[in-house]
Amino acid sequence: MTKRNTQQRRRTIVERLNLTGEVSVEQLAAEFSTSEVTIRKDLAALEKDGLLLRRYGGAIPLPQEIAVAPASGPSANQLAIAAKAAELIRDHNRIIIDCGTTTLGLIPELNHKRGLVVMTNSLQLANAIHELEHEPTLLMTGGTWDPHSESFQGQMAEQVLRSYNFDQLFIGADGIDLERGTTTFNELTGLSKVMAEVSQQVIVMLEADKIQRRIPNLELPWGSIDILVTDNRLAADAANTIRARGIQLLLVDTVNN
């Protein structure tokens with residue numbers, strides 16, 4: 001009965017939201033004679049399903065330009081890479097986490113840290129951070145929504161980033177060119193460069209099978225990268241080339257999926 005009541009309440013919340021354009025936690029709690037904690041859980045579940053966007057004290061309809069299907073979660077290998085990268089984070093660090101599936105794997109690891117300040121350009125990552133028991137101070141870049149990367153990009157986001165300084169940037173990549181650096185299918189690379197500029201340490205996270213992918217768009221040159229976290233499928237000659245560029249290389253064991 002409880003499950004049925006929950007489903008019915010959530011359907012009613014969506015109907016009310018579509019009718020009025022906005023709902024508040026306080027009003028919904030009073031209407032359904034339940035706690036504000038329960039309503040917040042309802043809104044979190046509905047947001048996860050892509051049915052609304054939470055805001056302080058309530059929710060609004062999901063803007064059409066960001067109403068996209070939920071991305072699939074990190075693979076076992078990506079989670080292993082994220083866990084290794086998270087070992088680099090110290091309590092009270094100020095960090096940037098770029099959008100991406102591998103970087104999403106970092107979020108559960110943040111529960112073991114204290115006093116973090118986290119900036120991201122990804123709604124998916126921001127929502128995951130918000131669900132943590134020990135939630136860090138969360139900052140978002142804002143900017144122009146890019147449906148290709150499912151993140152905020154553009155000059156406004158770059159201006160926001162330049163107002164801060166950070167200890168670390170954690171960023172993924174679509175590929176690595178051993179001659180040039182990280183590469184991407186996305187032509188919008190300006191924000192990634194600014195993220196690196198305002199961070200004292202840049203950590204790239206990706207699976208070894210992405211190395212030597214031929215992708216035209218250079219994202220970060222080797223001179224902007226400090227640490228590469230990948231898996232032990234990395235070829236020995238590629239590892240030697242990367243280390244020769246002064247990059248610290250951290251390898252994790254592959255995981256059978």
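Which residues of helix α9 (residues 236–244) are buried? They are Ala 238, Ala 239 and Ile 242, where buried means under 20% relative accessible area, exposed over 50% and partly exposed in between (1.4 Å probe, protein chains only). The buried residues fall within an arc of 100 degrees seen down the axis of α9, so they line one face of the helix; the arc is that of the directions from the helix axis to the C-beta atoms. Ala 236, Asp 237 and Ala 244 are exposed on the other side.

This is a predicted model, in which local features need pLDDT of at least 70, side-chain atom pairs count only at pLDDT 80 or more, and totals for chains, interfaces and linings use all residues. Residues are numbered from 1 along each chain as its sequence is written, and side-chain values use heavy atoms, with hydrogens and water left out.

Helices (H or I, at least four residues) and strands (E, at least two) are DSSP runs, numbered from the N terminus.

Ile 242 touches Leu 178, Ile 211, Trp 222, Leu 228, Leu 234, Ile 247 and Leu 249, leaving aside residues up to four places away in sequence; contact means heavy atoms within 4.5 Å.

After α9 comes Gly 246, with a positive phi near 85 degrees.
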